[in-house]
Amino acid sequence: MNNADKKPLLSLRNITKIYPGGVIANKDISLDIYPGEILALLGENGAGKTTLVSIAAGLIKPTRGQILVKGESVVFNSPRDAMRKGIALIPQNPMLIDNFTVLENLVLVSRLAGKRYGIRLAKKRLEEIEKKYGLFVNPSAYVWSLSFGERQKAEILKALLIDASIVLLDEPTTHLSPVEVDKLLSLTRQLANEGRGVVFITHRLSEALRVADRIAVMRRGRLVAVVSRKDARVDQLLNYMFGEERIGRLTEIVKRRRSLSRKVSKDIVLRVDDLWVRGPHGEFSVRGASLELRGAEILGVAGIAGNGQREFFETLIGIRKPSKGMISICGVDVTSQSSSMRGRLGVGIIPEDRLGWALVPGKSLVFNTVLGLYSSPKAPIRFSIVNWRIARKIARDIIKSLEVKVPGPDANAESLSGGNMQRFIVGRELYKAPCLLLAMNPTSGLDVEAAERIRDLLLREAVRGAGILLVSEDLDELVEVSDRIVVMSRGRIVYEAYRPFNIDKIAEAMTVS
Amino acid sequence: MVNIAALLGQALPYATVYALAAQGEMFLERAGLFNLGLEGMIYLSAGVTAIVSLHTGSPVYGLLAGIVSSAILALLYGFFVISLGADQAVTGLSIVFLGIGLGDVIGRATGGAVTPSIGILADDLIIVLALLVLPVIFYLVLFRSWLGYVVRSLGENVVTARALGVPVTLTRIVALMINGTLVGLAGSYLFFTGPLGSRWVSMSLLGWGWMSLGIVILGYWHPVGVVAASYLVGLLYAMRPLLETVGIPSSIADVTPYLVVIIALAVISALYEKMNVRPPTAIWSR
């Protein structure tokens with residue numbers, strides 16, 4: 001393809017975005033998107049990719065810079081304005097109204113985009129789209145009843161219904177099975193072949209190489225390089241993504257980690273027997289899951305988002321009650337016990353939501369230390385009275401030993417970056433010297449280095465003797481750190497594998513129902 | 001012998017007051033706001049209607065003035081909640097006290113004189129409007145038109161709606177105006193046809209707004225359900241004298257409608273929960 005004689009559909013000129021608080025998410029980025037091409041926007045988490053497409057889609061206003069659509073300068077005050085110019089964003093987490101049907105969602109959006117679709121006309125257009133692209137979601141189904149993949153299809157239907165000429169896909173493969181990924185990629189190609197401009201955000205190099213005509217690499221808010229697919233070299237792209245010295249550091253971490261050795265103990269720290277759990281809409285989300293976890297063992301729970309892992313995890317940590325089945329931790333039956341009982345038994349919990357679940361936003365790290373430890377025998381609490389002096393010391397120790405970058409223990413939990421926040425949380429949970437550590441997506445949204453450090457901490461904890469249950473959507477992560485992997489699909493545990501893992505088999509198990 | 005036809009007829013004016021106020025509130029709650037101030041708006045509207053129709057001699061002017069006064073309170077609510085980001089519950093309660101206080105001062109100024117009342121024709125028109133026309137319009141707008149999707153998206157998930165580009169503030173101001181108008185009409189109508197009949201008696205028109213809030217839940221935020229619930233409560237209200245004739249003390253007869261609504265509320269919400277029918281999920285959201 002020769003872009004020289006084509007006019008760009010969308011041009012971003014010197015886009016800078018500084019968030020309140022001074023974080024520079026985008027710095028002076030200029031980028032053109034041409035008709036008929038797929039541009040991969042490659043970079044690790046936190047590189048500023050999502051901010052950039054959010055600006056292009058009218059969700060965020062740039063601090064400085066200019067947007068041109070087909071050569072005409074535009075200012076977006078609302079996503080509506082962007083949609084009316086033919087720009088559709090397919091966000092990483094679908095933005096749909098849960099209690100609406102798919103059709104209601106689609107009609108709402110196409111109206112906002114300025115299309116005069118009534119219910120009947122929208123239905124007809126959907127049928128045409130199904131014929132042309134083979135894309136179908138039951139229009140009268142409520143969004144809450146849909147799987148993640150279906151929701152994403154509904155998002156793509158939005159873009160097609162408003163006939164967007166520029167389609168921005170933000171990490172579209174995160175929650176998809178390998179089969180769904182293949183379908184998505186060929187659909188993306190079809191969209192480009194029709195003359196649309198497609199931007200495909202990813203943090204996976206392999207994906208970028210597979211899908212793109214051109215690859216734009218971002219690092220720390222800057223656009224580092226734009227290379228065409230045929231000139232792309234893997235080592236060079238990695239350098240662009242991470243910077244040379246960081247790649248060296250990362251290889252060092254992984255090498256050091258591989259040299260750690262440990263022996264799985266005989267003691268069972270977690271036993272789950274025939275667990276049935278209802279989801280938020282009354283249906284069974286977990287259907288008869290059983291597993292055992294021993295000390296010093298890391299058990300990975302794999303699965304595509306929305307197959308019951310969340311409910312399973314929430315039941316294990318004690319905030320959701322099972323309908324049937326048994327959970328015992330370190331030999332104690334905790335099935336109908338609250339999460340404070342788990343605290344007393346020395347269970348460490350690393351939930352998915354760092355702010356809100358693990359930390360109270362707006363409160364200091366000292367406060368959050370006390371709150372996190374309060375049910376633990378190691379809490380700085382005597383006769384129901386908090387000893388703030390000891391609490392502060394504990395917080396300071398955690399900050400020091402885990403190298404949390406923060407002015408001091410009185411800093412607001414909200415002011416920490418994702419990686420520092422997660423290190424503090426892990427540090428606090430490890431302070432309990434847990435016999436069992438329950439973690440869900442502990443590295444989601446972290447940049448590569450921060451993620452590797454968290455994985456390192458988990459592995460060291462297993463060496464110390466804790467049993468670790470790691471629920472993660474990142475299969476690469478599970479393969480890297482787990483001793484054993486179970487796959488959850490439609491609420492059941494359908495597959496179990498030991499090291500060395502056969503990734504294809506695991507991926508296959510994730511998609512069978 | 002109980003004259004059932006007469007009883008059903010007697011329920012109509014009461015049901016009309018409830019239906020007007022509750023439908024206005026339902027629409028607003030569908031847009032994600034919860035106006036707790038109905039009680040005050042109804043009371044103020046009744047007081048303003050009393051004084052304006054007394055001094056102009058025209059019940060129509062009274063009616064319009066009542067509506068305007070209620071709409072002004074609704075706008076005030078909107079100014080605090082939407083523009084200043086104030087808490088909805090606190091603001092709503094303030095509106096209650098403000099409306100009752102102002103309404104009483106204004107209403108007292110009539111000195112309890114009998115004001116000209118709206119004629120039977122206007123009375124019937126309002127009944128038909130409240131019980132037959134409005135529910136159809138609300139149903140069509142909310143569930144059969146894209147405008148309804150815009151409104152309901154705010155009641156379901158305002159964060160997503162905003163991200164989709166729904167004009168949040170504008171839609172909510174429009175919903176507030178509809179709320180203020182209908183609640184004001186309910187107050188005026190209550191003054192003309194209520195228990196006292198076109199004569200102001202201090203603190204006699206209380207409780208109608210609170211009950212309307214309950215009726216929205218009883219009708220499960222659905223226009224037809226809300227009107228049905230309004231009629232049911234209106235009927236209970238009309239039945240009070242009847243209860244007294246069968247030997248139930250008047251104090252107990254008076255609370256019967258409230259008691260029945262409380263029990264019905266509990267049963268109905270449990271039932272809907274089972275059926276997986278959800279109220280708008282983001283009523284209190286900003």
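## Two helices of chain A

At what angle do helix H8 (residues 234–242) and helix H9 (residues 244–258) of chain A pack, and how many Å apart are their axes? In this predicted model, the angle between helix H8 and helix H9 of chain A is about 100°, and their axes are 7 Å apart. Because angles of 65 to 115 degrees count as roughly perpendicular, H8(A) and H9(A) are described as roughly perpendicular to each other. On the side of H8(A) the contact is made by Leu238(A), Asn239(A) and Phe242(A), and on the side of H9(A) by Glu244(A), Arg246(A) and Ile247(A). Sorted by class, the residues in this contact of H8(A) with H9(A) are three nonpolar, one polar and two charged.

A second pair in chain A can be described in the same terms. Helix H3 (residues 102–112) and helix H4 (residues 119–133) of chain A have axes that come within 10 Å and cross at roughly 105°, so H3(A) and H4(A) are also roughly perpendicular to each other. H3(A) brings Leu103(A), Leu106(A), Val107(A) and Ser110(A) to the contact, while H4(A) brings Ile119(A), Ala122(A) and Lys123(A). By class, this contact of H3(A) with H4(A) holds five nonpolar, one polar and one charged residues.

## Domains and a buried strand residue

Chain A is divided into domain 1 (1–86 + 165–242), domain 2 (94–163), domain 3 (260–346 + 434–511) and domain 4 (360–428). The centres of domain 2 and domain 4 of chain A, taken over C-alpha atoms, are separated by 45 Å.

Ile29(A) belongs to strand E2 (residues 24–33) of chain A, and it counts as buried because it has 23 C-beta neighbours inside 10 Å. Apart from neighbours within four places in sequence, Ile29(A) is in contact with Leu12(A), Ile15(A), Leu52(A) and Leu223(A). The C-alpha atom of Ile29(A) is 28 Å from that of Glu452(A), a residue 423 residues apart from it along the chain.

Most residues other than glycine have a negative phi, and most peptide bonds are trans. With 14 other C-beta atoms within 10 Å, Asp163(A) is partly exposed.

Ala296(A), again not a glycine, has a positive phi of about 65° and lies in the loop between strand E12 (284–294) and strand E13 (298–302) of chain A. Ala296(A) counts as partly exposed, having 19 C-beta neighbours inside 10 Å. Further along, a cis peptide bond with omega of about -10° joins Arg499(A) and Pro500(A), and Pro500(A) lies in the loop between strand E22 (492–498) and helix H17 (503–511) of chain A.

Helix H3 (residues 59–83) of chain B has 25 residues and reaches 35 Å from its first C-alpha to its last, which is close to the 36 Å expected at 1.5 Å a residue. Just after H3(B), Gly85(B) takes a positive phi of about 70°. Helix H8 (residues 168–193) of chain B has 26 residues that should span 38 Å at 1.5 Å a residue, and its end C-alpha atoms, 37 Å apart, agree with this. Because 19 of the 26 residues of H8(B) are buried, this helix is largely enclosed by the rest of the structure.

The contact between the chains takes 14 residues from chain B and 19 residues from chain A. On the side of chain B that touches chain A, helix H6 (146–156) and helix H7 (158–164) of chain B each supply at least two residues, and H6(B) gives the most, with five residues. The residues on this side of chain B divide into six nonpolar, six polar and two charged.

Terms used:
Residues are numbered from 1 along each chain as its sequence is written. Chains are lettered from A and ligands numbered from 1 in the order in which they are written. This is a predicted model: local features need pLDDT of at least 70, side-chain atom pairs count only at pLDDT 80 or more; totals for chains, interfaces and linings use all residues. Helices (H or I, at least four residues) and strands (E, at least two) are DSSP runs, numbered from the N terminus. A residue is buried if 20 or more other C-beta atoms lie within 10 Å of its own, exposed if 12 or fewer, and partly exposed in between; C-beta atoms are placed from the backbone. Two residues are in contact if their C-beta atoms, placed from the backbone, lie within 7 Å. Axes are lines fitted to C-alpha atoms, for helices over the stretch in contact, and angles run from 0 to 180 degrees between N-to-C directions. Angles under 35 degrees count as roughly parallel, over 145 as roughly antiparallel, 65 to 115 as roughly perpendicular and the rest as oblique. Ala, Val, Leu, Ile, Met, Phe, Trp, Tyr, Cys and Pro count as nonpolar, Asp, Glu, Lys and Arg as charged, and the others, Gly among them, as polar. Domain bounds come from an automatic or database domain assignment. The expected span of a helix is 1.5 Å times one less than its number of residues.
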